[in-house]
Amino acid sequence: MEYTKILIKEALNARKNAYTPYSRFDVGAALLTFDGKIYGGFNIENAAYSVCNCAERTALFRAVYDNYREFKAIAVVGAKSEEKGEILSSYAPPCGMCRQALREFCNPKKFKVILAKSENEFNIFTLNDLLPESFGPEHL
Ligand code: THU
């Protein structure tokens, strides 16, 4: 897919500024709108640990603030802070809370979640793969 590598590059770039003094686990995300805009996000931690915000939700909320309400795909990368390069040793699948947050603004059968270690090593899922039988706005 044409946009996959671009999103991974943007997610790796976003990851560089992650604020992670507690976990030392840096996550980056890049969220694609239907008109081709990309919103980056990284995790932002807090001394009160439960206030930590994941990279995916940082990207999502930045985009929603700018009035986007539907998205095409997200790339996510994550690894320990000491891993600085463009090739990471692990995948960082989105947490349950982020899966549900994305569900609000995505078609689960179409929205792509790209989990990457590098521009050349990645797996692509739909949101429905990661959050089957999900609850969304149409249920209310
Ligand atoms: N983290 C994310 O940014 N995204 C996820 O979906 C999983 C976890 C962050 C939260 C915390 O700052 C660190 O990774 C360790 O859990």
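Predicted model: local features only at pLDDT ≥ 70, side-chain atom pairs only at ≥ 80, totals over all residues.
When I say buried, I mean under 20% relative accessible area.

Start with α1, residues 4-15. This helix has 12 residues and spans 17 Å from its first C-alpha to its last, close to the 16 Å expected. Its buried residues are Thr4, Leu7, Ile8, Ala11, Leu12, Ala14 and Arg15. Looking down the axis of α1, these buried residues fall within an arc of 160 degrees, so they line one face of the helix.

Next, α2, residues 55-65. Eight of its 11 residues are buried, so α2 is largely enclosed by the rest of the structure. The buried ones are Ala55, Glu56, Arg57, Thr58, Ala59, Leu60, Ala63 and Val64. Just after α2, Asn67 takes a positive phi of about 85 degrees.

That brings in α3, residues 96-103. How do α2 and α3 sit relative to each other, parallel or perpendicular? Their axes come within 9 Å and cross at roughly 20 degrees. Angles under 35 degrees count as roughly parallel, and α2 and α3 are therefore roughly parallel to each other. The crossing is left-handed. On the α2 side, the contact is made by Glu56, Arg57 and Leu60; on the α3 side, by Met97, Cys98, Ala101 and Leu102.

Within α3, the buried residues are Cys98, Arg99, Ala101, Leu102 and Arg103. Their cover includes β1, α2, β3 and α4, residues 127-130.

Last, the loop residue, Glu83. Glu83 lies in the loop between β3 and α3. Is Glu83 buried or partly exposed? Its relative accessible area is 22%, which makes Glu83 partly exposed; the cut-off for buried is under 20%. Leaving aside neighbours within four places in sequence, Glu83 is in contact with Arg15, Leu88 and Ser89. Arg15 takes us back to α1, where it is one of the buried residues. Finally, Glu83 and Gly28 are 55 residues apart in sequence, and their C-alpha atoms are 13 Å apart in space.

Note on methods:
Residues numbered from 1 in each chain as written. Heavy atoms only, no water. Helix = DSSP H or I, 4+ residues; strand = E, 2+ residues; numbered from the N terminus. Expected span 1.5 Å × (residues − 1). Buried < 20%, exposed > 50% of the residue type's maximum accessible area, 1.4 Å probe, protein only. Arc of directions from axis to C-beta. Axes fitted to C-alpha atoms, helices over the stretch in contact; angles between N-to-C directions. Parallel < 35°, antiparallel > 145°, perpendicular 65-115°, else oblique. Left-handed = near helix turned anticlockwise from the far one by under 90°. Contact = heavy atoms within 4.5 Å.
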